[in-house]
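Subject: A structure for you to look at

Hello,

Here is the structure I promised to hand over. Please open it and keep it in view while you read my notes.

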Amino acid sequence: MPNQLLIAHSIEIDATPAKVWSIVSDLKRMGEWSPQCVRMKVFGGEVKAGARTLNLNRQGWKRWPTNAKVMDFEPERLLSFRILENRTVWSFELEPTETGTRLTESRRTPHGVAAASNAAVKGLLGGVEKFEQELETGIEQTLQRIKAEAERV
């Protein structure tokens, strides 16, 4: 089965784009939101376009590292990063609404997924279809957790 070109979900959050941005742009906290990402270490400490991260991911007892490069960093609007090992692009897009912010998280494969990554997913993580279903569920969980944090008083 070929990789999905786009996996994405949106959520309405009763908080300003500035509040939501303060959460999604703090990549060091990604492990609090994402069920797959245990942690992200930002090299140089500052999240900005061109910044690099080292990420630790999980599926059950399995753990694996990835590296990312921040591609877009537009405060209160867009944060995206490319996973260097598999060429996927993850993004958080913020859109102001009458009651707060619409947050969309997505995973895109504009240049396909690296063959070595797909082989590892097939051999170690249950196959592409199962893994991408987990990513979809994970995006929904991530958005729910970010919403809860942003709306917390």
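This is a predicted model: local features need pLDDT of at least 70, side-chain atom pairs count only at pLDDT 80 or more; totals for chains, interfaces and linings use all residues.

**Helix α1 and its partner**

Start with helix α1, which covers residues 17-24. Its buried residues are Pro 17, Val 20, Trp 21, Ile 23 and Val 24. Look down the axis of α1: these buried residues fall within an arc of 160 degrees, so they line one face of the helix.

Now find helix α4, residues 128-151. The axes of α1 and α4 come within 10 Å. They cross at roughly 125 degrees. Angles from 65 to 115 degrees count as roughly perpendicular and those over 145 as roughly antiparallel, so α1 is oblique to α4. The crossing is right-handed.

Which residues make the contact between α1 and α4? From α1 come Lys 19, Val 20, Ile 23 and Val 24. From α4 come Ile 146, Glu 149 and Ala 150. Sorted by class, the contact has five nonpolar residues and two charged ones, with no polar residues.

**Helix α3**

Next comes helix α3, residues 115-124. Ser 117, Asn 118 and Val 121 are its buried residues. They cover an arc of only 100 degrees around the axis, which puts them on the same side of α3. What lies over them? The cover includes α4.

Turn to the face of α3 that points away from the buried side. The exposed residues there are Ala 115, Ala 116, Lys 122, Gly 123 and Leu 124. Just after α3, look for Gly 126. Gly 126 has a positive phi of about 95 degrees.

Is Pro 110 buried or exposed? Its relative accessibility is 52%, so Pro 110 counts as exposed. Leaving out residues up to four places away in sequence, Pro 110 touches Arg 87 and Val 89. Cys 37 is 73 residues from Pro 110 in sequence. In space, their C-alpha atoms are 22 Å apart.

*Ile 83.* This one belongs to strand β5, residues 78-83. Its relative accessibility is 8%; buried means under 20%, so Ile 83 counts as buried. What does Ile 83 touch, not counting residues up to four places away in sequence? Its contacts are Asn 55, Thr 66, Asn 67, Ala 68, Thr 88 and Trp 90. Also find Lys 69, which is 14 residues from Ile 83 along the chain. The C-alpha atoms of Ile 83 and Lys 69 are separated by 6.8 Å.

*Glu 136.* Go back to α4, where Glu 136 lies. At 30% relative accessibility, Glu 136 counts as partly exposed, because that class runs between the 20% and 50% cut-offs. Glu 136 touches Ile 7 and His 9, again not counting residues up to four places away in sequence. Glu 136 and His 9 are 127 residues apart in sequence. Their C-alpha atoms are 8.0 Å apart in space.

**Where to begin**

Best wishes

Key:
Residues are numbered from 1 along each chain as its sequence is written. Side-chain values use heavy atoms; hydrogens and water are left out. Axes are lines fitted to C-alpha atoms, for helices over the stretch in contact, and angles run from 0 to 180 degrees between N-to-C directions. Helices (H or I, at least four residues) and strands (E, at least two) are DSSP runs, numbered from the N terminus. Angles under 35 degrees count as roughly parallel, over 145 as roughly antiparallel, 65 to 115 as roughly perpendicular and the rest as oblique. A crossing is left-handed if the near helix is turned anticlockwise from the far one by less than a right angle, and right-handed if clockwise. Contact means heavy atoms within 4.5 Å. Ala, Val, Leu, Ile, Met, Phe, Trp, Tyr, Cys and Pro count as nonpolar, Asp, Glu, Lys and Arg as charged, and the others, Gly among them, as polar. Buried means under 20% relative accessible area, exposed over 50%, partly exposed in between (1.4 Å probe, protein chains only). The arc is that of the directions from the helix axis to the C-beta atoms.
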